[in-house]
Amino acid sequence: MVYYIYMTKLEIASYIDHTLLAPEAGVKDIQKLCSEAAVYHFASVCVNPCYVSYAHSSLEGSGVKVCTVIGFPLGTASSEVKAYEACDAIKNGADEVDMVINIGAAVDGRISLVGSDIAIVVKAVRELQAKLGRKVVIKVIVETCFLDNETLPLVCLCAKKAGADFVKTSTGFAAPKGLEGQLLPNGASEFHVKLMREVVGWDMGVKASGGIRNAQTAIAMLKAGANRLGTSSSVRIIESWNESLEIQLPEGFRR
């Protein structure tokens with residue numbers, strides 16, 4: 001079952017995490033990111049942990065959340081370090097944290113380790129949010145480009161069991177290679193978003209991230225079942241958004 005809607009620029013902006021995670025990004029870049037987010041009313045800005053405090057101060061009162069990344073981009077830190085990093089970011093003002101799974105463990109088929117890694121971070125965040133008295137959204141980055149179609153559902157179920165709020169496709173920084181050393185696709189795909197949505201159902205979010213650079217791709221991800229988009233092309237998407245275009249969305253899509 002599907003249904004059809006018209007979505008305004010303001011509505012689509014509310015599904016976008018306005019993202020800047022480049023290692024060379026400086027204060028002026030983050031300042032510009034925050035200013036744009038306040039003007040366009042994006043769901044959040046997604047910045048590296050060192051800029052959380054700055055973004056929090058810049059966006060106070062704007063209604064725009066501050067999101068950051070944990071164990072990024074490799075996911076290879078210990079669970080305890082990820083938990084500490086997440087809690088530190090929250091204390092600095094982060095409203096949402098996007099953690100990277102232990103990708104190697106997932107590829108190996110060590111799913112219980114993947115699950116415990118996620119669960120340790122989620123537990124630490126939930127305990128801190130209870131102390132602070134404010135909700136923190138936890139997204140789990142599964143890095144779809146490294147997972148086969150049997151492993152991806154298992155990893156998504158780990159995130160759901162742990163009590164995370166979203167599963168997220170990609171870091172945007174992965175560089176998978178073929179047998180001849182050629183680079184393979186690494187961002188969000190309609191296939192993976194649809195599969196993730198089928199696995200977690202509609203009581204959990206799915207964030208598509210990586211390679212979303214125009215309105216057409218954004219619409220494709222929404223149609224596949226994503227209800228959050230991570231992109232550094234947010235302004236371009238909004239400026240080119242066609243409010244008169246009727247969009248076909250899955251029946252369970254949450255506005």
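**Helix packing and pocket linings**

Reader: The axes of helix α7 (residues 151-162) and α8 (190-200) come within 9 Å and cross at roughly 50°; what makes the two helices oblique to each other?

Author: Angles under 35 degrees count as roughly parallel, over 145 as roughly antiparallel, 65 to 115 as roughly perpendicular, and the rest as oblique. The value of roughly 50° for α7 and α8 belongs to the rest, and therefore these helices are oblique to each other. The axes are lines fitted to C-alpha atoms over the stretch in contact, with angles from 0 to 180 degrees between N-to-C directions, and the helices are DSSP runs (H or I, at least four residues; strands E, at least two), numbered from the N terminus. This is a predicted model, in which local features need pLDDT of at least 70 and side-chain atom pairs count only at pLDDT 80 or more, while totals for chains, interfaces and linings use all residues. Residues are numbered from 1 along each chain as its sequence is written, and side-chain values use heavy atoms, with hydrogens and water left out.

Reader: Which residues of α7 and α8 meet, and how do they divide by class?

Author: With contact taken as heavy atoms within 4.5 Å, Leu152, Pro153, Cys156, Leu157 and Lys160 of α7 meet His192, Leu195, Met196, Val199 and Val200 of α8. They divide into eight nonpolar, one polar and one charged, where Ala, Val, Leu, Ile, Met, Phe, Trp, Tyr, Cys and Pro count as nonpolar, Asp, Glu, Lys and Arg as charged, and the others, Gly among them, as polar.

Reader: Why is α4 called roughly parallel to α6?

Author: Helix α4 (residues 79-91) and helix α6 (residues 111-132) pack at an angle of about 30°, with their axes 8 Å apart, and that angle makes α4 roughly parallel to α6. The contact is made by Ser79, Glu80, Lys82, Ala83, Ala86, Cys87, Ile90 and Lys91 of α4, together with Asp117, Ile120, Val121, Ala124, Val125, Leu128 and Leu132 of α6. By class, this contact of α4 with α6 has 10 nonpolar, one polar and four charged residues.

Reader: What is the angle at which α6 and α7 cross, and what makes these two helices roughly parallel?

Author: The axes of α6 and α7 come within 9 Å and cross at roughly 30°, and these helices are therefore roughly parallel to each other. Ile111, Val114, Gly115, Ile118, Ala119 and Val122 of α6 make the contact with Thr151, Leu154, Val155, Cys158, Ala159 and Ala162 of α7. The contact of α6 with α7 has 10 nonpolar, two polar and no charged residues.
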